[in-house]
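Here is a short briefing on the fold. It covers cores, sheets and helix packing.

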Amino acid sequence: MKIGVIGGGQLGRMLALAGTPLGMSFAFLDPAPDACAQALGEHIRADYDDKDHLRRLADEVDLVTFEFESVPAETVAFLSQFVPVYPSAESLRIARDRWFEKSMFKNLGIPTPDFADIQSQADLDAAVASIGLPAVLKTRTLGYDGKGQKLLRKPADVSNAFAELGSVPCLLEGFVPFTGEVSLIAVRGRDGETCFYPLVHNSHESGILRLSVASSNHPLQALAEDYVGRVLAKLDYVGVLAFEFFEVDGGLKANEIAPRVHNSGHWTIEGAECSQFENHLRAVAGLPLGSTAKLGESAMLNFIGDVPPVEKVIAIEDCHLHHYGKAFKVGRKVGHATLRCPDRSTLDRQITAVESLIRHS
């Protein structure tokens, strides 16, 4: 089976690494000349709205998926005329736009921060008067890793904020005084079979995920599965979906979803019976889903900007290096390490060891 992937970054690369042992081959459509996934398959270098090359991709593969939500929903809709595409264009349309996303959560009864659609500075002024400060202004589309958003703490932060974010459609969200950030990785097959991984505790710096630690018997696991299950059913979803939550007053408030394999699920490569990447491919290909059970205690640490010397990373016990083959650049995810340890105390020590290596690299 040949899989087409829209996007040729590290998520596409890891999909191919998971799919190759299943007898799958891959073609990646990506405009970047140095797309890091190209080492694992054919690279069709073209823009995401290039219909001639999209049609070429559709003619070459058995089905198509995508590795990130910056892909236009129109691209997925166009491809779906010629080849199966999972997740669907409708899933992507909703997930890539924060207004559609938050409105869906509200309609499904999933708690969210207060929010408002912002089309102008006047809209922003009115929304701040209603929601209050602090609040977060985010572009409705394309913002990620802390980009496309501004924290509004005081009235002076509001005065020119809409222009600062490019005068594009935005969403204002009330600031949530959360006690933790967690995410749930779920996978749903073509037949509706659904599996969930354990909730993951996430730590961010400057809006970029730095550390994810898989939980054991988290008291909010069942609640998170309920909320995610509502979204999966509503979208008739196929593939892996990540749902990020805030922990608030002993419950959960929705942050956002990602209609794809997700950074906070990288621990599953070594830390689960079947990784999120293999399970995504199983789901979109109509194959039986794999077990999401944990193997020991696991965590993932991102390498941002550069990767420490390989020999030092792999010298740490229980540490597995994933180098993306990307040029080093400030603020760029260029690799990660996953840890799989027999117990939590060992995991905590190894996390400290990797963090020290990152600080001194």
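How many residues does the largest nonpolar core have, and which have the most contacts inside it? This is a predicted model. Its largest nonpolar core has 35 residues. Phe26, Trp267 and Phe277 have the most contacts inside that core.

**Nonpolar cores**

- A second core is separate and has 24 residues. Among them are Ile110, Leu184, Phe196 and Ile257.
- In soluble globular proteins, nonpolar side chains tend to be buried together.

**Helix 1 against helix 11**

- Helix 1 (residues 10–19) packs with helix 11 (residues 276–284) at an angle of about 75°, and their axes are 8 Å apart.
- Helix 1 is therefore roughly perpendicular to helix 11.
- Helix 1 makes this contact through Leu11, Met14, Leu15, Ala18 and Gly19. Helix 11 uses Phe277, Glu278, His280 and Leu281.
- By class, the contact has six nonpolar, two polar and one charged residues.
- Phe277 touches Leu11, Met14, Leu15 and Ala18, and also Val261, His266 and Ile269, leaving aside neighbours within four places in sequence.

- Four strands form an open sheet with parallel pairing, in the order 3-2-1-4.
- Strand 3 (42–44) and strand 4 are the edge strands, and each pairs on one side only.
- From one strand to the next, the twist averages 25°.
- Helix 2 (residues 51–60) packs on this sheet and touches strand 1, strand 2, strand 3 and strand 4. The direction of helix 2 makes about 155° with that of strand 3.
- Strand 1 and strand 2 run parallel and are joined by five bridges. Val5 has Phe28 of strand 2 as its bridge partner.
- Strand 1 also pairs with strand 4 in the parallel sense, over four bridges. Here Gly4 has Val64 as its bridge partner.
- In strand 4 (residues 63–66), Leu63 and Thr65 point one way, while Val64 and Phe66 point the other way. All four are buried.

- Another open sheet has four strands in the order 5-8-6-7, with antiparallel pairing.
- Strand 5 (115–118) and strand 7 (149–152) stand at the edges with a single partner strand each, so one side of each has no neighbour in the sheet.
- The twist here averages 20° from one strand to the next.
- Four bridges pair strand 5 with strand 8 (residues 170–174) in the antiparallel sense. Phe115 stands opposite Glu173 of strand 8.
- Helix 5 (residues 98–107) packs on this sheet, touching strand 5, strand 6 (135–139) and strand 8. Its direction makes about 150° with that of strand 5.
- Helix 6 (residues 121–131) lies across strand 5, strand 6, strand 7 and strand 8. Helix 6 runs at about 170° to strand 5.

**Thr346**

- Thr346 lies in helix 13 (residues 344–360).
- Is Thr346 buried or exposed? Thr346 is buried, because its relative accessible area is 13%, under the 20% cut-off.
- Thr346 touches Asp318 and Cys341, not counting residues up to four places away in sequence.
- Thr346 and Ser361 are 15 residues apart in sequence. In space they are 23 Å apart, C-alpha to C-alpha.

Definitions and conventions: Residues numbered from 1 in each chain as written. Predicted model: local features only at pLDDT ≥ 70, side-chain atom pairs only at ≥ 80, totals over all residues. Heavy atoms only, no water. Axes fitted to C-alpha atoms, helices over the stretch in contact; angles between N-to-C directions. Helix = DSSP H or I, 4+ residues; strand = E, 2+ residues; numbered from the N terminus. Parallel < 35°, antiparallel > 145°, perpendicular 65-115°, else oblique. Contact = heavy atoms within 4.5 Å. Nonpolar A, V, L, I, M, F, W, Y, C, P; charged D, E, K, R; others polar. Core = buried A, V, L, I, M, F, W, Y, C linked by side-chain atoms within 4.5 Å. Buried < 20%, exposed > 50% of the residue type's maximum accessible area, 1.4 Å probe, protein only. Pairing = 2+ DSSP bridges.
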